[in-house]
Structures are given as structure tokens and as C-alpha cells.
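Here is a short briefing on one protein model. Look at the structure first, then work through the points by topic.

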Amino acid sequence: MPTDPHHGHYDHPENAAEYSGLTVNSGVAQPPCVNPYLKRPKRRVYTPGELVEGILKGDVMMLSRAVTLVESVAPEHQAQAREVIEKCLPYSGNSRRIGITGVPGAGKSTSIDVFGFHALKHGGKLAVLAIDPSSERTKGSILGDKTRMEKLSQHPDAFIRPSPSAGSLGGVARKTRETIVLCEAAGFNNIFVETVGVGQSETAVHSMCDFFMLIQIAGAGDELQGIKRGIMEMADGIVINKADGDNIDRANLAKAQYKSALQLLPSPPSGWKPEVHCYSGYYELGIDEVWDMIDRYFAFIEKNGYFERQRREQARYWMYETIDSELRRRFYDDPERARAIAEAERLVLSNRLSPFTAAYNLLGENR
């Protein structure tokens, strides 16, 4: 409560003597609940066996609960999630995993809506897993991808699940990898993984998908300036969106530039030559050509054996990624080591110890 040396204590500055005639009341204390007699029903907790049984039946509600379990950081939830994943693993691996990325504003969500609806016309089911960026300040995410996927959000055979990055991309990517296993066990034969945009997330998403699509737009400046070479090397197909109206000529020019740029890059390990296509997600033009490219790619890598080889390499990659993340978690979660870290930080900030020596000393305590 503020204190005035001349007028004593008061609740608000406006109640001081110099503000005579102005009074601010404290107001009425609010009750803890509008209806104090309301009893909230307890949410039923399902066992891992019940979740697996529901997933194998294609129950979307049970799939959603299992994904929530996978995304939880609680140790008891993680143990249950591992049990669910292990039981679903024999029923996974039978889908097309397609990673989709692009610069912000390229129309990724609109394109996924159109491509997904096109895929569903050929039968099967589609799952869309979107890694949504979180605010560095509030740690919150909008998770609004469903609002931009009008067709898929209403389709009975589509499952859309956005996940917040929450400042830990590696952990979210690993959970997305586990979610793919659950979706495949539930009968989804097409999996789209949408990234937050051009950046570090592409490497993680590329390591869990079979086909990596890069969405670009023309007429937004130098088409090649905003693309990192690493992203170009990962792409199995580059598609230029918004190729309609007055933008068609610019889209075709960008297409020619990308084709020339791809010829300068080394051949991908799959042996596939990445293609460049133009289309319009809003007007649904050129969708067949893009999807035909995806069909030809899968036929190509299944014939030369790259499909199975890549899946094995991805499984190995995620084993080591999980080891790295688990070692990191155990290191920082140790209470004794937390005190040692605080002491090392104090010495580093006072310039009495170099950051490198401090790190080696802390790691040496773990041996």
C-alpha cells in the first residue's frame, strides 16, 4: 500500500489530500466461482491399452488423447506414452510422409488445404501435423491452422493437429515423429507435416518425412535471395504458389530461375531430380501436376530401394536425437548439479572463470 509522508497511508494516490473531491473506492471482492455449488465432472483417464485399442479402431478422440499424452512433459505421462507408441509401432510405417515448408506468407496452410482435399479424393485418410511458433515473450501459440484449412477442418477423414514449438524445437519435432506413428496406426495413409517457416525446423522435419516440398511465391523480390542453399538441397520438389492473374509471368520466370539453381546443386542421395512447378492454391490451378510429381517420386524411390533405406536412416537419427535430449534433460534436472551450475554461473559472471572451463568442470562432475 503506497505511503505519503504528509498524509499517511491511502489505497490510491487519487485519495490523497491534494486531490480533494476525487475518491477511488476499493470495489467489491469477487466470489471465487459464479456458482459455488457447481461440481466439475472428473475427466476419465484412459489406460495405455484402452488408448491403443481406440487408435487401432480409428477413433479420432482416442488418437487426440494419445497425442496429448505424448506432448506432456510429466514423467508419468511420458512412461504411458512410450507404452502406447511401442504397441502402435507394428501397425505404423504404411503412409506417405510429406513435409511442407516455405517462407511466411507463401500460402502453406491454403496449399495444404487444397492438396489434402485432392489426396482425399483418391481415398484414404489424411493427418496434418503443424509445428506452430510460440512467442518468446509469452510462450503462447495461436494454433490457428484449422481456421485456414476450411475444407480439411470439416472433412471426416482429416485430422489436423497443431503443436506449439514452445521454444524447444527439437522436443516438439521428436513428439511430432512419435505422433506420426500414432496416426499411421489409426489408419492415416497420408501425413502432412507443416513447419513454422524457413529456418532450423526444416532439418528436423526433413528427417521424418519421405518427400520434402518447398513452397515459394514469385514477385516478392529476388526469388533466390531468401532461400538458403541447405533448404534447396533438401527439397524434393519446389512449387511456386499464387501463379494466377498478373502474376503468371513472374511465376514462370521464377520457375526458370529455380530450375537453373537446382542444376548447380549436387544430386540428392535418392537419385531423384527435384522438379519445379507453378500452381495457385487459391484458385486451385495446377494441383494435379504437383500431385503427379509426388506420385512419380514415390514410385521412383520405391523402385530403387531408397524408400526403405531412408526410413531406416531416419529411425537411427531419432534414436540418437532422443539420447541427446534425454541426456540434456537429466543433466539439468539433477538438484545437486543445479547448485553447481549456479555457482559456476556466478564465477563466470564475475570474470573469475571462463565459460569454457566452467562447462568442462560441470561435465567432468558427471563422469
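**Pocket, cavity and surface**

Helix H9 gives the most residues to the lining of the second largest pocket, with three. Keep in mind that this is a predicted model.

**The largest cavity**

- Rolling a probe the size of a water molecule over the atoms shows where empty space is left.
- The count here is one cavity of 30 Å³ or more.
- The largest cavity has a volume of about 40 Å³.
- The residues that line the largest cavity are Leu129, Ala130, Ile131, Arg161, Ser163, Thr176 and Thr179.
- Strand E4 (126-132), strand E5 (158-164) and helix H6 (169-185) each give two or more residues to the lining of the largest cavity.
- Strand E4 gives the most, with three residues.
- By class, the lining of the largest cavity has three nonpolar, three polar and one charged residues.

**A nonpolar surface patch**

- Met319, Tyr320, Ile323 and Leu327 make a nonpolar surface patch of about 420 Å².
- Ile323 belongs to helix H11, which covers residues 306-333.

- Most residues other than glycine have a negative phi.
- Lys242 has a phi near 65 degrees, a positive value in a residue other than glycine.
- Where is Lys242 found? Lys242 sits in the loop between strand E8 (237-241) and helix H9.
- Lys242 is partly exposed, with a relative accessible area of 38%.
- Asn351 also has a positive phi, near 65 degrees, and is not a glycine.
- Asn351 lies in the loop between helix H12 (335-349) and helix H13 (355-364).
- Is Asn351 buried or exposed? Asn351 is exposed, because its relative accessible area is 71% and the cut-off for exposed is over 50%.

Key
Residues numbered from 1 in each chain as written. Predicted model: local features only at pLDDT ≥ 70, side-chain atom pairs only at ≥ 80, totals over all residues. Heavy atoms only, no water. Patch = residues over 30% accessible without salt bridge, like charges linked within 9 Å, V, L, I, M, F, W, Y side chains within 5 Å. Areas by Shrake-Rupley, 256 points an atom, 1.4 Å probe, with all protein chains shown as cover. Salt bridge = Lys/Arg side-chain N within 4 Å of Asp/Glu carboxyl O. Helix = DSSP H or I, 4+ residues; strand = E, 2+ residues; numbered from the N terminus. Buried < 20%, exposed > 50% of the residue type's maximum accessible area, 1.4 Å probe, protein only. 1 Å grid on protein atoms, 1.4 Å probe; cavity = no way out; pocket = protein on both sides within 12 Å on 5 of 7 lines; lining within 4 Å. Points joined across faces, edges and corners; volume = space filled by probe spheres on them. Nonpolar A, V, L, I, M, F, W, Y, C, P; charged D, E, K, R; others polar.
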